[in-house]
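Colleague: I would like to go through the strands and helices of this model. Can we take them one at a time?

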Amino acid sequence: MAGGKIRKEKPKAKGGGGAGTSAPYQGGISFHKSKGQHILKNPMLVDTIVQKSGIKSTDTILEIGPGTGNLTKKLLEAGKLVIAVEVDPRMVLELQRRFQGTPHSSRLKVIQGDVLKTELPYFDICVANIPYQISSPLTFKLLNHQPAFRCAIIMFQREFAMRLVAQPGDKLYCRLTVNTQLLSRVFHLLKVGKNNFRPPPKVDSSVVRIEPRKPRIEVKQKEWDGFLRICFNRKNKTLGAIFRQKNVLSLLEKNYKTLQALNLSVGNKDAEMGSSRLGNANEVETMEMDDDDDEDGGADDEMDVEDGDAEGETSEFKNKVLAVLKEGNFEEKRSSKLKLEEFLYLLSLFNKAGIHFS
């Protein structure tokens, strides 16, 4: 009663969610932030996303996390068929209720389940406002989907989106960037403020357009991944410094000797058995560090493992590795500034010399 004002207690949201974990929807559904449920509430933004998607009237559209159907309605108006994948049974019922008895009902197929565990059907285009915690695995699930779709228009947390579209030399350029751009071309479409959602997330978002490469750039995936893990261990160090590290040399020499001993050749039955004995970049303990730990500029002398190195065969193998870097003029270059084509070329030089990463 101090000051003559009565403090009214705010009514609790329905649904049993704890404070800060859910927010009420006008239809009675509570949205759970912990599950990444942030529903687009701005109709003009929904219209803009659909317009930028370039949907054709003959398109089968995949929508992931349709929520209560605000975006779904516009997609149904634009395309031939919408396949909506939704994990929350409450949202599935809301979608069915919303479109039941409407002209759109026969062109909406709802699949209840976790999209990461669901075998996706054929689709031409994906348009989605996704839970941000599944951004990375979902991106690569889509990019590995066959047959390849035309494009995906996806809402991501802004920093994740900017990593996807980063260019060599950008602060956010990383292994994720290179892996995504190996499989696709990525374009930033628009920035989306947090207040366009209910409940609002803690960060801003961005919409990107992802176009799978056709034809695909063919690489051996485990080999490529092992190679990039080493290159981006400290992305601002020179490649010469990275490949002088004892743990890196030890891993590569182990692979080299194993392959030499097996005398692998195309079609050799021992190849499959031998590959199981090869080392992987994950075995190098320092590889577990995030490649952004080096964003202070990564002065080479801070992390260099002494060259005093080992004698004999190891020293000879080190010279072999450094000869590859010198051949391609890579010794003084840094992963943070290499283009996709340069990574592909460097890997080819290593493989030509019999040096492998998985």
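**Sheet and helices**

Modeller: Five bridges join β5 to strand β6 (residues 108-112), and the two run parallel. Helices (H or I, at least four residues) and strands (E, at least two) are DSSP runs, numbered from the N terminus, and two strands pair if DSSP finds at least two bridges between them. This is a predicted model, in which local features need pLDDT of at least 70 and side-chain atom pairs count only at pLDDT 80 or more, while totals for chains, interfaces and linings use all residues. Residues are numbered from 1 along each chain as its sequence is written, and side-chain values use heavy atoms, with hydrogens and water left out.

Colleague: Which residue of β6 stands opposite Ala84?

Modeller: Strands of a sheet pair through backbone hydrogen bonds, either parallel or antiparallel. For β5 and β6 the sense is parallel. The residue opposite Ala84 is Val110.

Colleague: Through which helix does the chain cross from β5 to β6, and what is the hand of the crossover?

Modeller: The path from β5 to β6 goes through helix α3 (residues 89-99). A crossover is right-handed if, with the strands pointing away from the viewer, the path from the first strand over the helix to the second runs clockwise. This β-α-β crossover, through α3, is right-handed.

Colleague: How many residues of β5 are buried?

Modeller: Buried means under 20% relative accessible area, exposed over 50%, and partly exposed in between (1.4 Å probe, protein chains only). Strand β5 spans residues 81-86 and is mostly covered. Of its six residues, the number buried is five.

Colleague: Why do the buried residues of α2 line one face of the helix?

Modeller: The buried residues in α2 are Leu71, Thr72, Leu75 and Leu76. Seen down the axis of α2, they line one face because they fall within a limited arc, taken from the directions from the helix axis to the C-beta atoms. That arc is 135°.

Colleague: What is the strand order of the open sheet, and which strands are its edges?

Modeller: The sheet has seven strands with mixed pairing, in the order β6-β5-β4-β7-β8-β11-β9. An edge strand here pairs on one side only. The edges are β6 and β9 (184-192).

Colleague: In β11, what is the bridge partner of Leu190?

Modeller: Strand β9 is joined to β11 (residues 205-212) by eight bridges. These two strands run antiparallel. In β11, the partner of Leu190 is Val207.
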